[in-house]
Amino acid sequence: MSKKDKLSVEPYKGVRDFYPEDQAFLQYLFTTIRGVVEKVGYVEYHASILEPAELYKAKGSDNEEIINEQSYTFIDRGGREVALRPEMTPTVARMVAARRRELGFPLRLYSIPNVFRYERPQRGRLREHWQLNVDLFGSRSLAADAEVIGVAYGIMSAFGARESDFEIRVGSREAINAIATEHNLNETQTKELFGLLDRRAKISEVDFDAGLAKLGVNKSLLSPKNIPAEIEKMIADFRDAGIKNVVYDPSIVRGFAYYTGIVFEVFDTHKDNNRALFGGGRYDNLTALFDDEALPGVGFGMGDVTIRDFLTVRGLIPPYTPPTAVYIAVTKPELALEAQTLAGELRRGGVSVAIDFGERKLGDQIKTAGKHKIPYLLVVGDDELAEAKFVVRNLASGAEESIERAVLPEYFAELG
Ligand code: HAM
């Protein structure tokens, strides 16, 4: 095989490989998130990546872009049309509808699935991402909307973000629908109004005004000053609780047609990250796809790609440390089994240890430990074994200490 016949080492377009440092970041993300959401009573669920494609075609979840342009679908061997989930909301609505009689309400659920969208890959947008989903079912209370927004705020704080780093923009589909009714807009025109608001940040003020004029809609109604009473109350309550970066933004309407009430997005305020970190809102009719009785829901999604950009530009990503505490190098290959025995003693004492097999020079073995970012090194040689004493080297500082074999597990346990 010539070199040009070899397979590419690149992953599929728009998806990522997670090397240990990337995976460690993901785990940090998940652990931090769990710490916040579980404190507020959310419990974890999960589901398969595969769903019947009709779930996203059904009335009420008709985000045209998602179904027509962004879904990964295929026909299985039984002739069924299958989709890789592009989002989790229809799945969780299905799961809740399936057990609505057994489940207790209000019901607080979260999940961190990977989701797939056929998008043009760019900064902050990929074809696969991990997305936290937090959803609350069975309440129409404004306090439920506020709780969910508060959870988003809590997650940002847990990552070390300050209020000036992000803004929580709240809009209302109900308010826009009321404006459409007032102006006697038909279904197509109402859709146009939502589309115009959704694109507002991307188009010029002149084009926005022209769009409104075409629909005959009075622009002053879409001013941040014309704030719906319930959003005004929510923002005042947040202020009283010391949360000051929640604002009313009438152009937040969200792309998904299933939202029925308050909608919101958390925006990164850094100029390089011009994207939403979270998106969500109230959807009171989605379970009606599966059941006659609609069950109210409110929730949000947050992706790993945008939050990573957010944390990176602010230096908030914690430094990587592997789970391995100690690397054992050997002066010759024949001592690999001795190293294994010593490693066993340490592991029984609760220490994570990896060994080298001595196939490379000692200097190279030490470099390997450094590449893996393992904090401590031990060298096993004939003299060390005879004396039952080993030099422990701190690879970051270079400091060394000679420790007796019998007390090594305690020594590392104390180092933590
Ligand atoms: P969404 O706004 O489409 O909402 O996605 C939520 C978040 O997922 C976005 O703010 C962004 O962080 C991330 N995200 C979305 N698409 C991509 C992509 N192609 N690449 C990287 N990150 C992405 C939903 O999906 C709703 N189902 C959320 C929801 C849950 N609403 C209620 N409950």
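**Ground rules.** I am working from a predicted model, where local features need pLDDT of at least 70, side-chain atom pairs count only at pLDDT 80 or more, and totals for chains, interfaces and linings use all residues. Residues are numbered from 1 along each chain as its sequence is written, and side-chain values use heavy atoms, with hydrogens and water left out.

Buried here is under 20% relative accessible area, exposed over 50% and partly exposed in between, with a 1.4 Å probe and protein chains only. This core has 44 residues, and Ile155 and Phe300 touch the most other members. Helix H5 (residues 142-158) gives the most to it, 8 residues; helices (H or I, at least four residues) and strands (E, at least two) are DSSP runs numbered from the N terminus.

I then listed the contacts (heavy atoms within 4.5 Å) of Ile155. Leaving out residues up to four places away in sequence, Ile155 touches Ile33, Val36, Val37, Leu132, Phe278, Phe300 and Met302. Another core, of 20 residues, lies apart from this one and includes Val330, Ala343, Val353 and Ile403.

Next I looked at the 27 residues around the ligand, of which Glu87, Thr89, Glu119, Asp135 and Tyr259 come nearest. A residue counts as near if one of its heavy atoms lies within 4 Å. Strand E11 (276-283) is among the elements that each supply at least two shell residues, as are E7, E12 and helix H10. E11 has the largest share, with 6 residues.

- A ligand nitrogen sits 2.8 Å from a polar backbone atom of Leu126.
- A ligand nitrogen is 3.0 Å from a side-chain N or O atom of Tyr258.
- A ligand oxygen is 3.1 Å from a backbone N or O atom of Gly303.

Where is leucine 295 found? I found Leu295 in the loop between E11 and E12. Leu295 counts as buried because its relative accessibility is 10%. Not counting residues up to four places away in sequence, Leu295 touches Val96, Arg100, Phe105, Phe137, Gly138, Tyr283, Asp284 and Thr287.

Technical notes: A nonpolar core is a set of buried Ala, Val, Leu, Ile, Met, Phe, Trp, Tyr and Cys residues joined through side-chain atoms within 4.5 Å. A polar contact is a pair of N or O atoms within 3.5 Å; within protein, one must be able to donate a hydrogen and the other to accept it, and residues adjacent in sequence count only if both atoms are side-chain atoms.
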